[in-house]
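Here's a quick tour for anyone meeting this structure for the first time. Have a look at it below, then read on for the details.

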Amino acid sequence: MTNVNLLKAKIVECGYTQSDVAKMLGISLSSLNDKVCGRRGFKQDEIEKISRILNIQEKINKYFFD
């Protein structure tokens with residue numbers, strides 16, 4: 001399960017908006033919002049990509065599988 005608050009805070013901490021991250025992932029803002037808010041799950045490739053974008057590869061479980 002995605003740690004919604006932690007992920008949102010990390011996006012802001014990295015200086016991105018959700019719109020920025022959606023563009024980098026190649027998905028719509030509404031799709032990203034659904035995923036960040038826990039209404040839909042992230043696909044494995046999206047998790048890998050966003051973890052690189054936010055530089056959280058070593059803490060991926062904390063953000064997505066906690």
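**A quick briefing**

H2 and H4 pack at an angle of about 125°, and their axes lie 10 Å apart. (Axes are lines fitted to C-alpha atoms, for helices over the stretch in contact, and angles run from 0 to 180 degrees between N-to-C directions.) This is a predicted model, where local features need pLDDT of at least 70 and side-chain atom pairs count only at pLDDT 80 or more, while totals for chains, interfaces and linings use all residues. Residues are numbered from 1 along each chain as its sequence is written, and side-chain values use heavy atoms, leaving out hydrogens and water. Helices (H or I, at least four residues) and strands (E, at least two) are DSSP runs, numbered from the N terminus.

**How H2 meets H4**

- H2 and H4 are therefore oblique to each other; angles under 35 degrees count as roughly parallel, over 145 as roughly antiparallel, 65 to 115 as roughly perpendicular and the rest as oblique.
- H2 passes H4 in a right-handed crossing (right-handed if the near helix is turned clockwise from the far one by less than a right angle, left-handed if anticlockwise).
- On the H2 side, Val21, Met24 and Leu25 make the contact, and on the H4 side it's Glu46, Lys49, Ile50 and Ile53. Contact means heavy atoms within 4.5 Å.

**The buried side of H2**

- Which residues of helix H2 (residues 18-25) are buried? They are Val21, Ala22 and Leu25, where buried means under 20% relative accessible area, exposed over 50% and partly exposed in between (1.4 Å probe, protein chains only).
- These residues cover an arc of only 100° around the axis, which puts them on the same side of H2. The arc is that of the directions from the helix axis to the C-beta atoms.
- As background, an α-helix has 3.6 residues a turn, so residues three or four places apart point the same way.
- The buried residues of H2 pack against helix H1 (4-13), H3 and H4.
- Val21 has a relative accessible area of 0%. Leaving aside residues up to four places away in sequence, Val21 touches Ile11, Tyr16, Leu32 and Ile50.

- Rings of Phe, Tyr and Trp (its six-membered ring) pair if their centres lie within 6.5 Å; planes under 30 degrees apart count as stacked, over 60 as edge-to-face and the rest as tilted. By this rule there are two aromatic pairs.
- Phe42 and Phe64 have ring centres 5.3 Å apart and planes at 85°, so this pair is edge-to-face.
- That pair links distant parts of the chain, 22 residues apart: Phe42 is in the loop between helix H3 (29-36) and helix H4 (44-53), and Phe64 is in helix H5 (residues 60-64).
- Phe64 is buried at a relative accessible area of 3%, and Phe42 is buried at 11%.
- Phe64 and Phe65 have ring centres 6.5 Å apart and planes at 55°, so they're tilted.
- Phe65 is partly exposed, at 46%.
- Together, ring pairs link Phe42, Phe64 and Phe65 into a cluster.

**Positive phi spots**

- Most residues other than glycine have a negative phi.
- Asn55 isn't a glycine, yet its phi is positive, about 55°.
- Asn55 sits in the loop between H4 and H5 and is exposed, with a relative accessible area of 61%.
- Gly26, which follows H2, also has a positive phi, near 75°.
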